[in-house]
Amino acid sequence: MMDLKLKIAVCSRSFSRHTKLRQELLSKYKNVTFNECGEQLEGKNLIEFLKNHDKAITALEKIDENILSQLPELKAIGKYGVGLDMIDMNAMNKFGVRLGWVPGVNRRSVSELTLSMMISMFRHVHIANSQVQSGIWRQIIGRELSGSTVGVLGCGHVGKDVIKLLRPFGCRILVNDILDYPSFYEEYDVQRVTLSQLMALSDVVSIHIPLNSATRGILCAKMLSLMKASAILINTARGGLVDESMLKNMLINNRLSGAAFDVFDSEPPADTELLSLPNFISTPHIGGSSEEAVLAMGLSAINGLEHNSVPQVDTK
């Protein structure tokens, strides 16, 4: 039954443009304000957009104490997407704002992009494509992913899915995670190692951890320097996890074979020198942007408007 009283604000631009998601939301709520301007909402503009609404659907909008303190009528947020680094959980708890969120709903979309980046880097697909477009027709010798050692940093929903997709390639799989998953490790023949071991032993390091105070800058210069010169680094998780300046220097000086990033510390990234390197692939944060994942995330966000809870306070 359609709710005629609640006022819903949809901050996300992509949700607001999605015909099926709009129809689904409007079938449940009559009073819905969509982000029709197509701009990223932040600060005062975000506050003005959310004012006088009971619930909201947010994506990459920063929700912090300053925002929530000026929105006393806001009671719940349905999260569009799986990353929570843009939401201040302590502030949500302080103001009693409930959160509807389902982890891993876009896992296959992200893991497939990750796998495509691994193969593209090993076979130099981006370089070959550029040369053919420039009229150069010559063989480029690459390497096979099959039989290589893949280090998976973070064995959550996406990390596990990447490991499942890698199974037919016969890779040696190394994992580093703060949690232990012994039954999964045994089933998929995964070896749990320290972060230093993972960085030093892997032909591919693939990042699948959230961004928070404990993980920001986790792949610092010291950790990156442990990697083989022949290795590649994949980041489809979050920007801010990797020292991008050190990464650029390593790529320029051939201390690292290549890297492929879907996410950056600042988006869009401003370091044009890094982006233009021949051994670097960049994509505009499209990990969760398959048609299937977008629909699943949107439906999850709609469901989160009703099925939600007040986040726990971070006591660390």
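The structure is a predicted model, in which local features need pLDDT of at least 70 and side-chain atom pairs count only at pLDDT 80 or more, while totals for chains, interfaces and linings use all residues. Residues are numbered from 1 along each chain as its sequence is written, and side-chain values use heavy atoms, with hydrogens and water left out.

Strands (E, at least two residues) and helices (H or I, at least four residues) are DSSP runs, numbered from the N terminus, and two strands pair if DSSP finds at least two bridges between them.

The pairings can be followed strand by strand. Strand β6 (residues 149-153) pairs with β9 (residues 204-207) in the parallel sense over four bridges, and valine 150 has valine 204 of β9 as its bridge partner. Four bridges also link β9 and β10 in the parallel sense, where valine 205 stands opposite leucine 233. Leucine 233 has a bridge partner in β11 too, namely alanine 259.

In a regular strand the side chains alternate between the two faces of the sheet. In β10, Ile232 and Ile234 point one way and Leu233 and Asn235 the other, and all are buried. Here buried means under 20% relative accessible area, exposed over 50%, and partly exposed in between, using a 1.4 Å probe and protein chains only.

Helix α12 lies between two of these strands in a right-handed β-α-β unit made by β10, α12 and β11. Right-handed means that, with the strands pointing away from the viewer, the path from the first strand over the helix to the second runs clockwise.

Serine 12 sits in the loop between β1 (3-10) and α1 (13-17) and is buried, at 2% relative accessibility. Its side chain makes a polar contact of 3.3 Å with that of serine 14. A polar contact is a pair of N or O atoms within 3.5 Å; within protein, one must be able to donate a hydrogen and the other to accept it, and residues adjacent in sequence count only if both atoms are side-chain atoms. The serine 12 side chain also reaches the backbone nitrogen of phenylalanine 15 at 3.1 Å.

Some backbone details complete the picture. Most residues other than glycine have a negative phi, and most peptide bonds are trans. Asparagine 254, although not a glycine, has a positive phi of about 55 degrees; this residue is exposed, with a relative accessible area of 59%. A cis peptide bond, with omega about 0 degrees, joins glutamate 267 and proline 268.
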